[in-house]
Every structure is written in structure tokens, then in C-alpha cells.
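Thanks for making time this morning.

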Amino acid sequence: MLQPNEKRILAIDLRSRSFGFAVFEGPTRLLDWGVKSFRQGVNEPTIPASEKLAALMDDFSPSTIVLRNRDSETKKRAEMSNTLMGEAAKRRISIRLLSRSDVKNAFPDCNRNKYTIAAAAAKQLVELAPRLPSVRKIWKSEDYRMSIFDAAALGVAYFTRRRSFTFRSPENKTNAPVISNQADGAQENYPSSKDRAAE
């Protein structure tokens, strides 16, 4: 049985054509990680992104899904975020949004850029060390594996912030997931897709 400070969480790094994920059972135990693609066109995968997200939720039954709270979203990433929220709502899984600052604060003294954070995450989560990409040259595109480390960094940040305040879930009588993105643990219910369509 999981202790209160060792909840199973699913951290997801959403991209335009893929998502990286890391499944945690406590701050230092990884159950699974990887990258799933949902690019479009000739090489479009036969399994849609919604099914891949749903399968992760069903396979691991997380208590919380952790996402990055971005100032702006691309159209595709916004669509994927809505898809994820809908699948989480069906399963009554709460959503936690963390900012870029939250992630940087979880890695003091080694948060100069994405790579230094990834390297620090690899030291803390030794299973990821063999997958750490080399430092990217400015003329190269980012290694797809960085999405795993972005998700892992979100997970580490989630547990780091949980140690700084008591997080209590309010009574949620709807099927909407609970979303929290404030330092004091304040929460709000994310509207369902049906509610959004009516707006």
C-alpha cells in the first residue's frame, strides 16, 4: 500500500507530435517511462493519441497526472491537452499543473538549462542515466528522448513541492478531474468536454 507521500503519479510532457511520460511511485521510484508518437501524415500511427493516453492511465491507475502549465499553447498541443483532460475525467484522476519555475526550483544549482536539469534527473533516477542524450549542438534538432527527461523533471518537481505543503483533495462530486496549480494547494474543477462545448 502506498504511503501518503508516495502516491503513484503519471508525469506527461506533451509535444505537438508526441508525448514523453514517466510513472512514479514515490519521489525516487520509477515504474515506467518512454515516448509515444502521434504524428500525422503518411507515417501516422495506427493507434490514436487518445488511446495511448488512456492505456497509460488504465495500466498504471495513477492518483494524479502532472503536466506543465504553459503561458501559451500551440493548437495541436491544446487539442492534446483537452484529450488528456477528457480521459482523466472519465477515470476521476486529478490533474496537477506545474510551472517552469516549479521545475527549476526542484533542481537548485543545476537548472541553467534543460540539459543540466535532465542530467540532474538522471543522477536522481539512475534508471534513466543510459538514455540521457548528449548536449545538443545548436544546429541539431532536440533528441526525442529529452521528452522523457522533461516528464521525469515534472515528476521530481511534483514530489519536491508536496514536501513543502500539505495537499488535500476537496470533495469532488463531478466526473471532472481536480486541477491544482497554486502554491497553497488551491484547486479548481476542470470543465468537462460537454461543459466546454456549451460555452
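**Salt bridges in the model**

Let me begin with Glu25 and Arg29, whose side chains meet in a salt bridge at 2.6 Å, N to O, a salt bridge being a side-chain nitrogen of Lys or Arg within 4 Å of a carboxyl oxygen of Asp or Glu. This is a predicted model, in which local features need pLDDT of at least 70 and side-chain atom pairs count only at pLDDT 80 or more, while totals for chains, interfaces and linings use all residues. Residues are numbered from 1 along each chain as its sequence is written, and side-chain values use heavy atoms, with hydrogens and water left out.

Glu25 is buried, at a relative accessible area of 14%, whereas Arg29 is partly exposed at 45%; buried means under 20% relative accessible area, exposed over 50%, and partly exposed in between, with a 1.4 Å probe and protein chains only.

The next pair is Lys90 with Glu87, a salt bridge at 3.3 Å, N to O. Both residues lie in helix H2, residues 75-90, three residues apart, or about one turn of the helix, where helices are DSSP runs of H or I with at least four residues, numbered from the N terminus. Lys90 is exposed at 62% relative accessibility, but Glu87 is buried at 10%.

Finally, Arg161 and Asp102 form a salt bridge at 2.9 Å, N to O. Arg161 lies in helix H5 (residues 146-162) and Asp102 in helix H3 (residues 100-105), so this pair ties together parts that are 59 residues apart in sequence. Arg161 is buried at 15%, and Asp102 is buried at 12%.

Note on methods:
Helix = DSSP H or I, 4+ residues; strand = E, 2+ residues; numbered from the N terminus.
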